[in-house]
Amino acid sequence: MMEKMWLDSDDLLPYDNQVGGHKFTKEKPLLGLLKHKEGYILKSVEGGTKGKNEVRFYEELRKNENLINLRKLVPLYYGTATLEINKKDMTFIILDDITTDMKKPCVMDVKIGLQTWEPGCSEKKKNDENAKYTRCKEKWSFCIPGFQVYDLSNSNLVQPQKYDKEFGKSLDPGQVISVFKTFLNLNSGYLGLEKLVQSFTTQLDHIRRYFQTQKHYHFYSSSVLLAYDAETLKNDKNTYPLIRVSLIDFAHVTPADGNIDLNYLQGITNLWTLFRTQLLNNN
């Protein structure tokens, strides 16, 4: 693990492949992600308890050998770094970038759970969270804050199409399956699509199985990040494209007190079931 260190802001840029949450600006440096030239991601430790809670989560995950299976499901954690922005020292979490080596990264942020507020939060926070993505959360126990996709059916497009949180907030629950089909390029006709969906289904099943038994944490407002490289999607039914799946966003993780996280388990089960029954062998 890296110790806390200083970084040169000249080596950093806003992260282009961020699809959920707030974007980084110098005016609002507490929000958004940065990309270092060496390839890793920097996430600001937000004011108050949220950022400290996420650092605490990663530090326990690194040290607690009982959490080794969970460690395999999250981005590699390198520690924290200090960066001067607007003449103020700020702390960032350093994480692996799951889109590394992807030439055409297609990325989707899926926030898991009907309940996205943690116990003990204010009534305002509870009401604010309940008002976001309401219909999708009630129907699916997950929602889609954003995604980007390289449309392989349109060779004229060289940049990814981006769908932000406003798209996700207005998304009709009945359109969720079609949104996944768009994200997965299922209309492109590539023979490798079955392997793409199969790979995601398998990875989601690993996560689902883990949450069937884990009683260490409860995860609120936490996401599953789905990523694949459209450049590796071939017209060959035997070729597996490059995909990665990772759990992200742990500012609102709480102790489980020995109880299964049923809120998260329901959401991840629904997401896995959607892939298994609506997308696999149905493209």
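This report describes a sheet, the helices packed on it, a helix pair and a pocket in a predicted model.

## Basis of the values

The model is predicted, with local features needing pLDDT of at least 70 and side-chain atom pairs counting only at pLDDT 80 or more, while totals for chains, interfaces and linings use all residues. Residues are numbered from 1 along each chain as its sequence is written, and side-chain values use heavy atoms, with hydrogens and water left out.

## The sheet

Five strands form an open sheet in the order S9-S8-S7-S11-S12, with antiparallel pairing; strands (E, at least two residues) and helices (H or I, at least four) are DSSP runs numbered from the N terminus, and two strands pair if DSSP finds at least two bridges between them. Strand S9 (161-163) and strand S12 (243-248) are the edge strands, each pairing on one side only. On average, neighbouring strands of this sheet are turned by 15° against each other, direction ignored.

Seven bridges join strand S7 (residues 105-112) to strand S11 (residues 223-229) in the antiparallel sense, and valine 110 stands opposite valine 224 in S11.

## Helices on the sheet

Helix H7 (residues 193-211) packs on the sheet and touches S11 and S12, its direction making about 30° with that of S12; contact means heavy atoms within 4.5 Å, and angles run from 0 to 180 degrees between N-to-C directions of axes, which are lines fitted to C-alpha atoms, for helices over the stretch in contact. Helix H8 (residues 262-279) lies across S7, strand S8 (142-149), S11 and S12, and runs at about 140° to S7.

## The H6 and H8 pair

The axes of helix H6 (residues 176-183) and H8 come within 11 Å and cross at roughly 75°, so H6 and H8 are roughly perpendicular to each other (a class covering 65 to 115 degrees). H6 contributes Val176, Ile177, Phe180 and Lys181 to the contact, and H8 contributes Leu271, Leu274, Phe275, Gln278 and Leu279.

## The second largest pocket

The second largest pocket is lined by Tyr58, Leu61, Arg62, Arg71, Lys72, Val74, Pro75, Leu76 and Tyr77. Helix H1 (residues 49-63) supplies the largest share of this lining, three residues. A pocket is an open set of points on a 1 Å grid over the protein atoms alone where a 1.4 Å probe fits, with protein on both sides within 12 Å along at least five of seven lines, and lining residues have an atom within 4 Å of a point.

Methods. Angles under 35 degrees count as roughly parallel, over 145 as roughly antiparallel, 65 to 115 as roughly perpendicular and the rest as oblique.
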